[in-house]
Amino acid sequence: GADLDAGGGPTSHHPAGHAISVADLRGPTTPAPGGQVRRYELTARKTTIQVDGRAVEAWGYNGQVPGPPITANQGDLIEVTLRNADIERGVTVHWHGYDVPAGEDGAPGVTQDAVPPGGEFVYRFRADQVGTYWYHTHQASDVGVKMGLYGTLVVGPPTEGVDLTVPVHTFSGTTVTGPLDPPAAAPGTPVRLRLVNTDGVPHRFALTGTAYRLVAVDGSDLNGPGELREVELRLPAGGRYDLAFTMPAGAVALFIDGDPGLRLGTGTGSGLDAPKGWPELDITRYGTPAATPFGRESHFDRNFTLVLDRGIALVDGVPKYAHTVNGHAFPNVPTQLVREGDLVELTVANRGFDTHPWHLHGHRVLVLERDGRKVSGSPLWLDTFDVRPGEVWRVAFRADNPGEWMNHCHNLTHAAQGMALHLRYD
Ligand code: C2O
Ligand code: CU
């Protein structure tokens, strides 16, 4: 089938003799003044993990799933040496949601070649954006991420109290969260939960036993959020929600798709009862409006429309059933061309029957409209937005990160079956 990661080397899209290739757009090699260097080594290897008492074959960075948590403070230089022990198809590290320089983006066939067994690649970028992110392989990513090649990236400042990163992943039908042994949280302790959906489908989260605030989405703070209780939060594939609350006297439980997940506190009682019939929170209508650098009434230098569907398209020159963008399957979807500095409007319409979490590399987007309704809440900056069947989303971004970038559905099976394209700076 169409291999999302196929293609020549990172320079293959450029004519011979072109002075700058995407692979040359590397990050700084020093921290910002006052920052530190954070060094990590990640070796991708095959391993066996325990899921619900069963041994499951997996691939993990350093043999662990999730991979080592990467943390930094604003201004630090993150330096990650990736090695591949035995993953025959090769590996990379993509910094999901983190707007790194193009050469650090870990997109094989675009920004680098995949690291083969025995190979190595060093990533360097500044931790300039605070928030909750994650990393994952981008080589044969539909298989690699599913097998366990992912981890979390959290950029400080560290929050006071209990600060827990909760990546959610499904292994052969069982949804697991980390950490499995949360620390003790005495009543009165401030708690922050950083939910990360590493799967290709949305998950529904419900927090019982306390009111809480949704303080950040995809790493960007929400403006003026109020207290929530008895609602369900639907987190798209690849997305992150940061929740904050003060530990009550009783227990608090996080339910995932209706099943008990993480539990905090030692109390018993109503905090542990499963939520029933709670409505879904619409995050596009939540919070307090605040100024944005651009908006619906702005003049856009470029407008792109993407229609997502399923149908017959050419795959390796053969007509096949594929997940399509404007009727084509990757790599036959036309590349979006922009100039540095452009204000870009992107409309994404889903004409199919599947949900498509649309993801942009290298840029976060401001949501302008969902289904013709303007976003009435806090400015919502996302790197992945869930376009459900029949929906149309209008978003905007500033083309401020030169290079060549993947745009794709983060249901990585859909992406591997054609639902992807490139954005390139002229
Ligand atoms: Cu998290 Cu191109 O992906
Ligand atoms: Cu999709």
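Strand 27 is the top contributor to the lining of the largest cavity, giving three residues. Strands here are DSSP runs (E, at least two residues), numbered from the N terminus. This is a predicted model, where local features need pLDDT of at least 70, side-chain atom pairs count only at pLDDT 80 or more, and totals for chains, interfaces and linings use all residues. Residues are numbered from 1 along each chain as its sequence is written, and side-chain values use heavy atoms, with hydrogens and water left out.

**The cavity**
- Searching the whole structure turns up one cavity of 30 Å³ or more; a cavity is a set of points on a 1 Å grid over the protein atoms alone where a 1.4 Å probe fits but cannot get out, and lining residues have an atom within 4 Å of a point.
- Its volume is about 170 Å³, meaning the space filled by probe spheres set on the points, which are joined across faces, edges and corners.
- The lining of the largest cavity has 19 residues, with Arg234, Pro236, Tyr241, Ile283 and Asp386 nearest the centre.
- Domain 2 (162-281) and domain 3 (302-425) each supply at least three lining residues; the bounds come from an automatic or database domain assignment.

**The nonpolar cores**
- The largest nonpolar core has 60 residues, and Leu193, Leu214, Trp358 and Phe385 have the most contacts inside it.
- A core is a set of buried Ala, Val, Leu, Ile, Met, Phe, Trp, Tyr and Cys residues joined through side-chain atoms within 4.5 Å, with buried meaning under 20% relative accessible area (1.4 Å probe, protein chains only).

Key: Chains are lettered from A and ligands numbered from 1 in the order in which they are written. On a 1 Å grid over the protein atoms alone, a cavity is a set of points where a 1.4 Å probe fits but cannot get out, and a pocket is an open set with protein on both sides within 12 Å along at least five of seven lines; lining residues have an atom within 4 Å of a point. Helices (H or I, at least four residues) and strands (E, at least two) are DSSP runs, numbered from the N terminus. Buried means under 20% relative accessible area, exposed over 50%, partly exposed in between (1.4 Å probe, protein chains only).
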